[in-house]
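Here are my notes for anyone opening this one for the first time. Have the sequence and the model side by side as you read.

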Amino acid sequence: MIQYIIRRVLSAIPVLFGILIVTFALARMIPGDPCKAILGEKATVEVCERFAREYGLDKPIYVQFGIYMNDVLHGDFGESIRFSRPVTIILVERLPTTIELGLAALLIAVLIGIPAGIISAVYRNSPVDVAVMVGANAGVSMPVYWLGLMLAYIFALLLKDTPLWLPPTGRLTAGIASTPFYEVFEWPVVEGGIKYHFFEFFANMYVINSIITQDWEVLRDTLKHLILPAFALSTIPLSIIARMTRSSMLEVLKLDYVRTARAKGVIERLVILKHALRNALLPIVTVIGLQVGTLFAGAVLTETIFGFAGVGRILYEAITARDFPIIQAFTVVIAIGYVVINLLVDISYIFIDPRIRLD
Amino acid sequence: MTTITETSTLITQKDYRSNSLWRLTLRRIFRQRSAVIGMSILGFLVLVAIFAPLIAPYDPEQVLIGVEDVSKRADPCIYLLGCSRDQPQHIMGVDGNVRDEFSRVVYGTRYSLFIGMSTVSFAVIVGTLLGAFAGYLGGWVDNVIMRLLDVLMAFPSLLLSITIVTVLGKGLENALLAIAIVSIPIYARVVRASVLSVKENPYVAASRALGGSHLHILFSRILPNAVPPLIVQATLGIGTAILDAAALSFLGLGAQPPTPEWGTMLGMERNQVFTAPHLVFFPGIAIMITVLAFNLLGDGLRDAIDPRLKQ
């Protein structure tokens, strides 16, 4: 088992190294003088020379890559051109919003997708199955941002003055504020320090923070603001998970041991949920892991529409301002996160399927 | 005696004709409901794209100020649904620059189909070459190519496309190139898997023994086996490419205004969703229908051609 884990971790290292090479190479491929791109067209030769020395741009390319790798490993992604602040700090401030949105979307996708897939497989070729599959096909074909806009139009405008009304933008209603848990518990935290950023990271996930502080009004308001973007973001993963669950369950349901379980007189619900689902789970978990990338990429679009101040939103702003350090940092962080999550998914196989442990 | 021989020859010819590989495959494809629906929608879209100048009542980039008495972002006006005949008919309304939305959506079909086909063609060609050489040559060539592609696959595709376009500069061509680059690994993997599965077959060894060159063996003997899964993957890939291209255009990185590209149209009017929802609704529906058509066709083809790939 440990050998399997070590092998998987080792196999991820070249990919992580590759990610750094690609993002480094892309940064160096930006047309034009990086000094003028960052400091503006009016930067003088002397200023540019100092800039090149400061950022190691006058050194050979492999040395530059070494500097870049060293910086990234120390969590230093340079300074944002647009905001003139360290990119790492911006990421720490913004990531919690995106993580919260992504997790909410993933939760919706799993909670609806897996049961929908199971029902579809059990009642194969029934109207329910057809409806689920039509829905899943439509779900993977829909632009996330379009669905987001349409949902906002329906729930914020058409259903205005009804109990179903949902806010179209922001994370909290004006006038409601989420007080960080460390302030509520009066923990001594110095603003700007590592401890502050660490606490702030979790406090910025309003759902978690409001549960810790038991502030139910903030929790209710946060959830109200979270539903639409999370649902819009969840459609593609939801559809893919439902389709995968269906086909994986169909494969398993026709196996002999399922027939044996039924012949033994095990009740149908147990046959499906215990005998079949457990064995059908492996490809489903794999596909859930793969959806993390879709979620983060989709967050760029969803956050832009719903005015969420997350990483996706700032990435959109960075695109318009050609703020490359932010785009680069976000790409590196997401790609690394993607690799690590899929690594964890691979490792989780051991617990889902004991045969892998034995191999 | 002669009659019997003629009859048996006739039967053999008939059987041969009715059971040829292509006929069998076509019959299987037409038995797939999703493939038939997908093909029908696509056929319709292709006709719309070809006959766009005949279908669209206006030039997609024509600003109607001074031409007609219509206001900015006017609601749809359809005579059949009771719209007054005093007003000019705009079945999908008028956009923020006073252009006929329907004409723009119709012309947008051309862009979407072109985007899907061109990016996937590029990715298929490059992916096939990389996958074929990796699978056929094996060893370090295989290792280097596949590890590079693994790295490309480690990035969420839309995110990598965004980064590449930011580096190359915004515009439709660069967006297409970015989408094509990020989709190469999928095709390379499909081809490599096919090559690996057949390259040790006796008929390949026979071809080698007969003095066939490596390129001849690879392209005439091995690669035809990769065609069916490649067609399936490419059809599904076109849908993804159209979605990603529309997303890039929505973010302002792809096609630039006044191009009647659906993603761009959506992006331009997204802040007007509460006042002019039709300007967001129609381009989005158009994207969805087109992507859905390719996805349905891809699913149907997969079930018909290569059920092993079924997910």
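1. Start with chain A as a whole. Among its contacts between residues at least 6 apart in sequence, 72% join residues at least 24 apart; a contact here means that two C-beta atoms, placed from the backbone, lie within 7 Å. Chain A comes to 16 helices and 0 strands, where helices (H or I, at least four residues) and strands (E, at least two) are DSSP runs numbered from the N terminus. The C-alpha trace of chain A spans about 85 × 60 × 45 Å along its principal axes.

2. A word on ground rules. This is a predicted model, in which local features need pLDDT of at least 70 and side-chain atom pairs count only at pLDDT 80 or more, while totals for chains, interfaces and linings use all residues. Residues are numbered from 1 along each chain as its sequence is written, with chains lettered from A and ligands numbered from 1 in the order in which they are written.

3. Buried or exposed? A:Arg259, in helix H12 (residues 256-264) of chain A, counts as exposed because it has 12 C-beta neighbours inside 10 Å. Its C-alpha atom is separated by 9.1 Å from that of A:Val271, 12 residues apart along the chain.

4. Now look at helix H1 of chain A, residues 2-28. Its 27 residues reach 40 Å from first C-alpha to last, close to the 39 Å expected at 1.5 Å a residue (1.5 Å times one less than the number of residues). The buried residues of H1(A) are A:Gly18, A:Ile19, A:Val22 and A:Thr23, and they pack against helix H15 (324-352) of chain A together with helix H6 (139-153) of chain B.

5. On to where the chains meet: 41 residues come from chain A and 37 residues from chain B. Elements giving two or more residues to chain A's side include H1, helix H11 (216-253), helix H13 (268-306) and H15. That side has 31 nonpolar, 8 polar and 2 charged residues (Ala, Val, Leu, Ile, Met, Phe, Trp, Tyr, Cys and Pro are nonpolar; Asp, Glu, Lys and Arg are charged; the others, Gly among them, are polar).

6. One pairing across the chains deserves a zoom. H15(A) and helix H7 (residues 157-168) of chain B pack at about 155°, with axes 10 Å apart; axes are lines fitted to C-alpha atoms, for helices over the stretch in contact, and angles run from 0 to 180 degrees between N-to-C directions. The two are therefore roughly antiparallel (over 145 degrees; under 35 is roughly parallel, 65 to 115 roughly perpendicular and the rest oblique). A:Phe324, A:Ile327, A:Thr331 and A:Ile334 meet B:Leu159, B:Ile162, B:Thr163 and B:Thr166, and this contact has 5 nonpolar, 3 polar and no charged residues.

7. Finally, a pair inside chain B. The axes of helix H2 (residues 21-31) and helix H13 (residues 278-305) come within 8 Å and cross at roughly 130°, which makes H2(B) oblique to H13(B). H2(B) brings B:Thr25, B:Arg28 and B:Ile29, while H13(B) brings B:Gly300, B:Leu301, B:Ala304 and B:Ile305. These residues divide into 4 nonpolar, 2 polar and 1 charged.

Terms used. Buried ≥ 20, exposed ≤ 12 C-beta atoms within 10 Å, placed from the backbone.
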